[in-house]
Amino acid sequence: MSSRKSPGITPAPPEITYTNCRRCGTEIAGLDGRYACGVCGWTNHYSEGYRPLPTAQDDPDRTGPHRR
């Protein structure tokens, strides 16, 4: 029997966003404003995203000594 706690609030799924690559101009898609261009390899910094990234503690499948 599992003793796993039910999560409080389920986070919203990521939003697919689109922009042009800053290096080569190719239209690219990303998740929540985080992009990687498959043509030239450009990526934007993770901090440019539209919302904070989840932490390891937010992962319901996380295992280890520091699990909530």
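Let's start with Arg22, which forms a salt bridge with Glu48, their closest N and O atoms being 2.5 Å apart. By salt bridge I mean a side-chain nitrogen of Lys or Arg within 4 Å of a carboxyl oxygen of Asp or Glu. Arg22 sits in the loop between E1 and E2 and Glu48 in the segment after E2, so this pair ties together parts that are 26 residues apart in sequence. The strand names come from DSSP runs, numbered from the N terminus: strands (E) have at least two residues, and helices (H or I) at least four.

A word on what you're looking at: this is a predicted model, where local features need pLDDT of at least 70 and side-chain atom pairs count only at pLDDT 80 or more, while totals for chains, interfaces and linings use all residues. Residues are numbered from 1 along each chain as its sequence is written, and side-chain values use heavy atoms, with hydrogens and water left out.

Back to our pair. Arg22 is exposed, with a relative accessible area of 58%, whereas Glu48 is partly exposed at 32%. Here, buried means under 20% relative accessible area, exposed means over 50%, and partly exposed is in between, using a 1.4 Å probe and protein chains only.

How many salt bridges does the structure hold? There are two. The other one I'd like to show you joins Arg51 and Asp32, with the closest N and O atoms 2.8 Å apart. Both Arg51 and Asp32 lie in the segment after E2, and they are 19 residues apart, so to speak a link between distant parts of the chain. Asp32 counts as buried at 9% relative accessibility, and Arg51 as partly exposed at 29%.

Is His45 buried or partly exposed? At 43% relative accessibility, His45 counts as partly exposed. The side chains of His45 and Ser47 are joined by a polar contact of 2.7 Å. That term covers a pair of N or O atoms within 3.5 Å; within protein, one must be able to donate a hydrogen and the other to accept it, and residues adjacent in sequence count only if both atoms are side-chain atoms. His45 and Arg34 are 11 residues apart along the chain, and their C-alpha atoms are separated by 7.4 Å.

Last stop: Ile16, in strand E1, residues 16–20. Ile16 is exposed, with a relative accessible area of 52%. Together with Tyr18 and Leu31, Ile16 makes a nonpolar surface patch of about 340 Å².

Technical notes: Patch = residues over 30% accessible without salt bridge, like charges linked within 9 Å, V, L, I, M, F, W, Y side chains within 5 Å. Areas by Shrake-Rupley, 256 points an atom, 1.4 Å probe, with all protein chains shown as cover.
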